[in-house]
Amino acid sequence: MTYEQRLTDFRHYVGAGGKVEATDWMPDDYRAGVLKFIEMHANSEMMGAIPEREQIPHAPSLQRKMSLTAKVQDEVGHSQLLYRIAEDLGKSRETMYLDLVNGRSKFHNVFHYPTRHWGDVAVIGWLIDGAALVTQAALLESSYAPYTRVLKRICAEEQLHLRHGEVITLELASGTDNQRAMFQDALDRWWLPIVHFFGPRSNVDKDLLLRWKVKTRTNEDLRAEFLDRYVPKVLELGFSFPAPVPFESGGHWVLREDDIDWAPLDAIKRNQGPETARRLELRRSTYEQHAWVRQALAEPATQVA
Amino acid sequence: MDVYEVFRRSGHKQPFEHCGTVTAPDSEMAMLMAKECYLRRKEGQYLWVTRRSEIHSWSDEALLEPAADKSYRFAHAYRDVVQKRELARRRAGQLG
Amino acid sequence: MTESLVAIVTALGDDELILGHRHAEWTGFAPHIEEDVAFSSIAQDEIGHAAAYYSIASSLTGLTRDALALGRSVGEYRHAVLCERPNSDWAYTITRQWLYDRADCLRLTALEESAHDDLRHLATKIRREERYHLIHADMWMERIAHGPIEGRTKLTQAATTVLSATAGLFEPFEREADAIGEGWLTVPSEELGRRFVGEAVDALDGLGLPAEVTPDGWRAEFVASSSGDLIATDRSGSGEASAPAGLGGRSGRHSPDFSALWADMTRTYRADPEATW
C-alpha cells in the first residue's frame with residue numbers, strides 16, 4: 001500500500017469515529033499534531049502546579065492546607081499521565097522538559113500569571129478548573145485513544161477540583177467584607193485570562209487537530225458553553241465582571257468580540273507573560289540542580305564495599 | 001530507567017486491570033510510585049507492576065473474524081431452547 | 001494535670017505540621033514526576049498527623065485545631081528546630097525524612113504504652129503510616145548511597161547536618177516529669193534519644209556512609225565509625241557560649257528560618273481575625 005492510500009484509509013477510519021492506538025500506523029502529521037497537543041497539555045499541568053503551589057504555605061486552615069496540596073499533587077499526577085503517553089509517541093521526557101524550559105514548547109496562558117492571595121485559589125479552583133473541564137470533557141471523544149483513557153481519569157479528578165474551588169469560593173462569598181474583596185480582586189485580574197483560555201476563534205478549515213478529530217469542538221463553542229454555565233453563578237454571588245463584561249443575549253451569556261483585548265495573549269504566545277520568565281527559570285534551575293538525582297535513578301544501584 | 005505497566009485490583013471479585021504506566025529505576029520504586037500515582041484514592045487494594053519489555057502483546061482484528069459460522073460459541077445460538085423444550089414436552093405427552 | 005499532656009501533643013503536632021509544611025514545598029518540584037506525587041502524599045500525611053495531635057490538644061484546651069496550628073505566635077511553637085530548616089536539596093530532604101521517621105517510630109512505639117487512651121490509639125494509627133514513609137525513605141537512601149559519587153557526597157554531608165540536629169527531637173517536653181508521673185509518657189525523651197542515636201548510627205553504617213558527626217545538640221560528640229562504634233567525648237565544661245544549633249525548639253526558641261516560615265504560614269489566617277475559612 002502506498003503512503004497516499006494509507007493516508008486516505010486513515011482519514012476515512014478517523015472520520016468514521018475510529019480510534020487510534022500508540023502502536024497503530026498513523027500519518028506523520030497526525031503523530032506530530034497529537035504529540036504537540038498532549039505535550040502542551042502535559043506542560044500546562046506541570047506549569048499549572050506552580051501558581052497554586054505558591055499559595056499552599058498560606059492556606060488558612062489545616063484542612064485547606066491538605067486539600068490544596070492534594071489538588072496540586074493531582075495536577076502533577078496529570079502531567080505524569082500525559083508525559084507518559086506523550087513519551088509513547090516518540091519524544092523523551094527529558095527532551096520535552098528541555099523544550100519547555102527553553103521556550104520551545106508552550107503551556108496554557110493562565111499559568112503565565114501571578115497569584116496574590118487566597119482569593120486566587122478560589123478563582124483558579126472554580127473558574128479556571130471549570131474552564132479546563134469544559135475543554136477537557138470535549139476531548140473525551142478524541143480520536144487518539146490513549147489520550148481519551150487518561151482524560152477520563154483527569155476529568156474525574158477535575159470534577160473534584162471544581163467542587164473544591166466552588167466550596168472555597170462560597171466560603172469567601174459568605175464571609176467577611178475582606179473575604180469577599182479577596183474574591184472580587186482575584187476575579188478582576190483573572191477574568192481576561194480566562195476568556196483568553198479558550199483561544200481565539202477557530203479556523204475550521206486550517207485546524208488540523210479538528211480535521212483529525214483530535215479536537216472535536218471549536219474554541220468559540222467551548223467559550224460559549226463556559227459563559228452560559230458560570231457567568232450566572234458568579235453574578236448570583238453578587239460579584240461583578242471587569243471587561244470584557246458578559247451580557248445576556250437571546251438566552252445566552254455572550255461577550256462582544258471588540259471588548260476582548262487579545263494583546264496579553266499574543267505576548268504570552270511569545271512567552272512574554274508576567275510570570276513566564278521567572279517560572280521557566282525556576283523549572284530550569286531545579287532541573288539542573290537535580291541532575292545528580294536523575295543520575296542516581298538512571299544507574300543501577302551498586303553495592304559499595 | 002524503565003517504563004513499568006501498572007495493574008490494580010479493587011477486591012477479590014475483580015480481575016486485575018491495567019491502569020497506567022510509571023517511569024521508575026527498579027520494580028520496588030515502581031511499586032511505591034505506582035501506589036501513589038494510581039491508588040491514592042483507594043482505587044484498588046492490590047497492585048502489580050511489570051516492566052513494559054516483559055509484556056507480550058497480540059492484536060489482529062482480522063483474525064478475530066472467523067471464516068465459517070462459529071455462532072455455536074455464543075449463547076444467542078441457543079435461543080431456540082424454548083421452542084425445543086415445547087416440542088420435547090409434546091413428544092413426551094404422546095407417549096402415554 | 002492535663003497541662004503536661006497538652007504540652008506533649010502540641011509539641012508532637014508542631015513537629016508534624018512544620019515538617020509537613022516543608023515537605024509540601026516540594027509539591028511540583030521534586031526531582032522525578034512520579035516521586036513528586038509520592039512525596040506530596042507524605043507531606044499530606046504529616047499535616048494530617050498534626051491535625052490529629054491538635055485534636056487531642058483541642059479537646060483539652062477548648063481551642064480549635066486551626067487556632068492551635070495557625071493562631072500562635074512564633075515563640076509558642078514547640079517543634080524541633082530540625083523541622084523548620086529549609087529543604088535545601090533532595091539529599092537533605094530525604095535524609096531528614098529518613099532520620100525523622102526513625103525517630104518518630106521510636107517515639108510512637110513508646111507512646112503506644114501511654115496511659116492516655118486517645119494518644120495511645122493515635123500513636124498506633126500514625127505508626128502504621130510512618131512505617132510506610134520509612135520504606136520510602138529507605139529506598140531513596142539506599143539508591144543514593146549506592147549510586148554515583150556526587151549523590152553519595154551530598155548524602156554524607158546531609159547525614160552529618162541532620163543527625164546533629166535530631167537532638168532537638170529528643171529535648172525533654174515541657175513538664176515532662178509530670179507527664180512521666182501521670183503515665184502519659186513512659187520513656188523519658190533523653191532515653192529515647194540515646195536509643196535513637198544508636199539505631200541511626202547503625203543504619204548509616206549499614207549504608208556505608210562515613211558520617212562523621214560532631215553534633216552541637218547532643219551532649220556528647222561522637223563519630224559514627226564504619227564499625228558502628230559510637231566514639232563519645234564529654235563536652236560538658238567546654239562552655240556553651242551560644243545555644244547549639246538544633247536545640248531550643250521544645251522551649252520555643254527557633255531559628256530565623258522559622259520566623260519566615262511562620263509569617264508565610266499564618267498570613268491568611270492572621271489577615272482577617274473575624275473570618276472563618
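Which residues does B:Ala34 touch, not counting residues up to four places away in sequence? The answer is B:Tyr4, B:Val6, B:Val22, B:Leu47 and B:Val49. Please keep in mind that this is a predicted model.

**The nonpolar core**

- B:Ala34 belongs to the largest nonpolar core, which has 164 residues.
- B:Ala34 is also among the residues with the most contacts inside that core, a group that includes B:Met33, A:Val123, A:Ile194, C:Ile8 and C:Val9.
- Helix H2 of chain C provides the largest share of this core, with 14 residues.

**The make-up of chain C**

- Chain C contains ten helices and two strands.
- Read from the N terminus, its elements follow the order α-α-α-α-α-α-α-α-α-β-β-α.
- Chain C has 277 residues, and 53% of them count as buried.
- If you take the contacts in chain C between residues at least 6 apart in sequence, 73% of them link residues at least 24 apart.

**Two packed helices in chain C**

- A pair of packed helices is described by the angle between their axes and the distance between the axes.
- For H5(C), residues 90–111, and H7(C), the angle is about 50° and the axes are 8 Å apart.
- With that angle, H5(C) and H7(C) are oblique to each other, and their crossing is right-handed.
- On the H5(C) side, the residues that meet H7(C) are C:Ala91, C:Tyr92, C:Thr95, C:Arg96 and C:Leu99.
- On the H7(C) side, the partners are C:Gly151, C:Lys154, C:Leu155, C:Ala158, C:Ala159, C:Thr161, C:Val162 and C:Leu163.
- Sorted by class, the contact of H5(C) with H7(C) has eight nonpolar, three polar and two charged residues.

**Where chain C meets chain A**

- In this interface, 43 residues of chain C are in contact with 42 residues of chain A.
- Six helices of chain C each supply at least two residues to the side that touches chain A: H1 (3–24), H2 (33–61), H3 (65–70), H6 (117–145), H7 (149–165) and H10 (256–271).
- H2(C) gives the most to that side, with eleven residues.
- The side of chain C that touches chain A has 17 nonpolar, 13 polar and 13 charged residues.

**Where chain C meets chain B**

- Here the contact takes eight residues from chain C and eleven residues from chain B.
- H2 and H6 of chain C are the elements that give two or more residues to the side of chain C that touches chain B.
- H2(C) has the largest share of that side, with five residues.
- By class, the side of chain C that touches chain B divides into three nonpolar, two polar and three charged residues.

**A closer look at A:Val110**

- A:Val110 sits in the loop between helix H4 (93–101) and helix H5 (118–139) of chain A.
- Is A:Val110 buried or exposed? A:Val110 counts as buried because it has 23 C-beta neighbours inside 10 Å, and the cut-off for a buried residue is 20 or more.
- Leaving aside neighbours within four places in sequence, A:Val110 is in contact with A:Ile128, A:Pro193, A:Ile194 and A:Phe197.
- One of these partners, A:Ile194, is listed with the residues that have the most contacts inside the largest nonpolar core.
- A:Gly17 is 93 residues from A:Val110 in sequence, and the two are 32 Å apart in space, C-alpha to C-alpha.

Technical notes:
Residues numbered from 1 in each chain as written. Chains lettered and ligands numbered in written order. Predicted model: local features only at pLDDT ≥ 70, side-chain atom pairs only at ≥ 80, totals over all residues. Contact = placed C-beta atoms within 7 Å. Helix = DSSP H or I, 4+ residues; strand = E, 2+ residues; numbered from the N terminus. Nonpolar A, V, L, I, M, F, W, Y, C, P; charged D, E, K, R; others polar. Buried ≥ 20, exposed ≤ 12 C-beta atoms within 10 Å, placed from the backbone. Core = buried A, V, L, I, M, F, W, Y, C linked by C-beta atoms within 7 Å. Axes fitted to C-alpha atoms, helices over the stretch in contact; angles between N-to-C directions. Parallel < 35°, antiparallel > 145°, perpendicular 65-115°, else oblique. Left-handed = near helix turned anticlockwise from the far one by under 90°.
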